[in-house]
Structures are given as structure tokens and as C-alpha cells.
Amino acid sequence: MNWLFIICMGIYLVAMMAIGFYDSRRSRDFTEYAVAGRRQSTVTVCMTLLATVLGASATIGITDTVYSIGFPGIWWLVFGAVGLFLQSLLLSERVRKIGADTLPHLAEITVGRAASVLLAALITIAWVGVVAGQLVAMHSLVTFATGSSSKWLMLLLSVIVIAYTALGGQLSVVKTDRVQLLVILAGILLTVIWLFASTPGSVGDAAQQVELLNDSYGPMNLFTQFFIIGGVYFLGPDILSRNFLSRDGRAARRSAAIAGIVLMVVAFLITMIGLWAREHVTAEALGGQKTLMYVISLLPKWISVIMSLGLLSAILSSTDTCIINAATIFSRDILGKKSVTCIRFTVLGIGGIATAIALLGSGNIISILSGAYSIYTPGVIFPLLIAILAHGKRSIRKPLWLAAVAAGGCFGLAGTFMNQVLVAWGVPESIVSNLSLIGMGVSLMLALMSVSWNRQTHAAKGANSGS
């Protein structure tokens, strides 16, 4: 058992709890608790945004993917960076000026109350799966660090992250994210330097593996991930929640752009770790262990502890953001309550359900998160984008807009959880495997149809008749 890691982890978690207790005294107002007072600077927003996106999928999941399919595994994070660039270019300032508290609240302002409830329900359900996926990754890390599959220790860690999130809200999440990001980046950078410095010729070996597409990752995979993964980074509830924390539109725009640049660099470093393992670690040696966990076992003790704490930071920084956002959305947009107490109880509820799911199951992090994203992205991205762009310029036909969200979400749900059933019913596999993309296309067409293109003309007629 790695006692050094456990001692460092204990100190680390005590510090997280201390931040939660400290901020609980300041987080008695909804704005302070849910959106950190709307006063965060560009640097702070950028750091909390990066800490949010660098979770289990971006670390453990990507190294597993690169080990399996090679360099094209980098595309997940590259498309994430592209999504951030597009958000900075097209949405950041526009969204911040609208002044929403949550993503469903944004839909309420631009479309109506029914839109808010529908999106809130979809996000809450999907994000319980996202949180569970992060906790499954934490279980893998705990198992690796302690040498045994300790579900009691995993439960304790889950309780701690849920507790400090419930106590301090977004104020605590923002503060802990800054610490966690620095630990994440330090661990990744030190690992890459040691791996390639200690293995002669490994840089050249990795360079020979660079290929954008291969037999395991073709053009259709590229196309699908661009929309499904890039869409979440472009207009996902956790990513956009960092926009709501910013002090103004300029801070929101700049933080998204800077985070996109940093994410590109981090994507390359994480991919290099996967390529090193692909070249120097056999499948027999790896066994059923996560690629990144095996690599950590090869590092000098001090680097392995930093990298392990970095992984823990990556998991916690994404988990706390997902929980507080899902809880705020459920409380504000479904229950209609802007109450700190209500959000705190909802944090406990969502965290408890996700923990139970994680304790009862296991799985591939990428597949778990891809499944959740495949439901959210087809139903929400295009309809909400069109509603934002039309806000203040065109009216929205609510029934058609709601049908766009429902249709896209149903296609994504069917493609994620009913694929085998649909194939058994005779639906061609080529269609079943692309139901999420088909859903995006359907939701886009319905959302475009929902826009009333004659609003300005009607307004002009009304003005003329009044005169």
C-alpha cells in the first residue's frame, strides 16, 4: 500500500474540506453560492474551466484510448479545444450579456419556461451518469493506490467531495479548481519529461506513431466526435457554467480562448503518455489495468505521488462542478427555487445516487461519458444555439423548438441504450450506429423551423397601424 500517497491525499482532502467550511459562511446568498458572485476574473475563469474539462475522460480515458487506437485518440481533446474556440468566437459575450444563472435558465430567457424544464430534466438525468463515470474512475485510482479494491475508501472520498461542494457551492469549487489544476498540470508535465528522458529513442518512436486517421479511427469517427464531443465543450452545462461566473463578457470570451490553447497543449502531452505506453508496454504486462495507472507504477516515487494526486484532482475538479451544476439546475429550473438550502440538499441527493451507481458498477470511462454526451448533444446543442442567436431578433415557435429538443434527445437515447434491440428489430446497423448524428440533424431542422423569420415585418406593421 502506498502510504505516502494516502498521507498526502489525506492532507489534500482536509484542505478541500477546510475551503468548503470557510466558504459556507459566505455562500448564504443564491448568487454567491450558485454563480460565485458573478465577479471572477479571466485567469480564475480560465483555471476553473480547464480544471472542469481535465477530468477522468481527459486523463485516464484518453491514455487508454491512445493505447488502443494510437495517435487519433487525441481528437477527443482537440475537438474539445475547438469547441472552446468556437464558444469564445460566437457565444461567450452574447451569453454573458443575457445574464442567465444556468443553461436551462438561458433557455427560459430565450424560449420560455417549458424549454427550461425540459432541458433541466434532460441535463439532470444525463449528468448523474457523468458524475457516476467520474466516481468509477476514482475507484480505479483508489484501487491502484491502495493495492486493493476498497469501496469503503471510495465511499469516504465521495462523501468528502459531495460535502465540500454542498458547503461552499461554486465559491468552493472555483477555489479548489485552481489548486487542482496546478497539481494536474504538474503531474502530467513531470510524467512526460521522465518517460521520454529516461527512455533513449522514445521521442522518435512516438513520432513514428503520429497519424491523424487509421484503421481503428476513420473519417466517420472524426465526424461523429466533432459534433458529439465538440458540441459539449461548445455549449455544455458545465463548460457554460464557467461563463456565468465571469465578471463580464470580455472575461468570458478571453478565458474560453485561452483555455482552448492550453487544452491543445495538454492534449498533446497526454497523448504522448499513451504513445509511450503503446510502444513500451505489452498488452500482457498491462493486463486489465488502466494504462495511466500502469505508467504511474513505473515512475519514481515522488513523481508517482504527484501524478496520482493529479489524477485525483482531475476527478474531483470535474465531479464537484458536475454535481453543483446539476443540483443548481434541478433546484432552480425544475423546482423553481433559488434557495441555497434546497441546492445543498439536491447536491446530497444527486451525489448519493451517482455514488450508488458507481459502487454497483464499473466500466470504460470514455464509453460512460460518451453515452451521457450522446443523449445531451443531439437534443440540446443546435436548438439552444439557434435560440441564443435569435434572441432579441426573432421569435421562437415553442412547440416546434421543444419538439427539436425531444426528438434529438430520443434519437441519442435510442442510439446509446437501445442499439442492440434496434438491430434485432431489423434496423440497419449503419443507421443505429449513427443515431446521435441523425438526431442532431433532426433537431437542427426542427429548431430552424421554429424560428419566426417574419417577426420584424410584423413589428413594422404593428408600428405603422399604431401611427
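**Briefing: a loop, a covered helix and a helix pair**

Ala36 lies in the loop between helix 2 (30-35) and helix 3, where helices are DSSP runs of H or I with at least four residues, numbered from the N terminus. This is a predicted model, in which local features need pLDDT of at least 70, side-chain atom pairs count only at pLDDT 80 or more, and totals for chains, interfaces and linings use all residues. Residues are numbered from 1 along each chain as its sequence is written, and side-chain values use heavy atoms, with hydrogens and water left out.

- Most residues other than glycine have a negative phi.
- Ala36, however, has a positive phi, near 50°, and this residue is buried (under 20% relative accessible area, with a 1.4 Å probe and protein chains only), its own value being 0%.
- Arg38, also placed in the loop between helix 2 and helix 3, has a positive phi of about 55° although it is not a glycine, and Arg38 is buried with a relative accessible area of 19%.

**Helix 3**
- Helix 3 (residues 42-53) is mostly covered, since 11 of its 12 residues are buried, including Thr42, Cys46 and Leu50.

**Helix 8 with helix 15**
- The axes (lines fitted to C-alpha atoms over the stretch in contact) of helix 8 (residues 113-146) and helix 15 (residues 291-298) come within 11 Å and cross at roughly 25°.
- Helix 8 and helix 15 are therefore roughly parallel to each other, a term for angles under 35 degrees.
- Their contact (heavy atoms within 4.5 Å) is made by Ser140, Leu141 and Phe144 of helix 8 and by Met293, Ile296 and Ser297 of helix 15.

Technical notes
Axes are lines fitted to C-alpha atoms, for helices over the stretch in contact, and angles run from 0 to 180 degrees between N-to-C directions. Helices (H or I, at least four residues) and strands (E, at least two) are DSSP runs, numbered from the N terminus. Angles under 35 degrees count as roughly parallel, over 145 as roughly antiparallel, 65 to 115 as roughly perpendicular and the rest as oblique. Buried means under 20% relative accessible area, exposed over 50%, partly exposed in between (1.4 Å probe, protein chains only).
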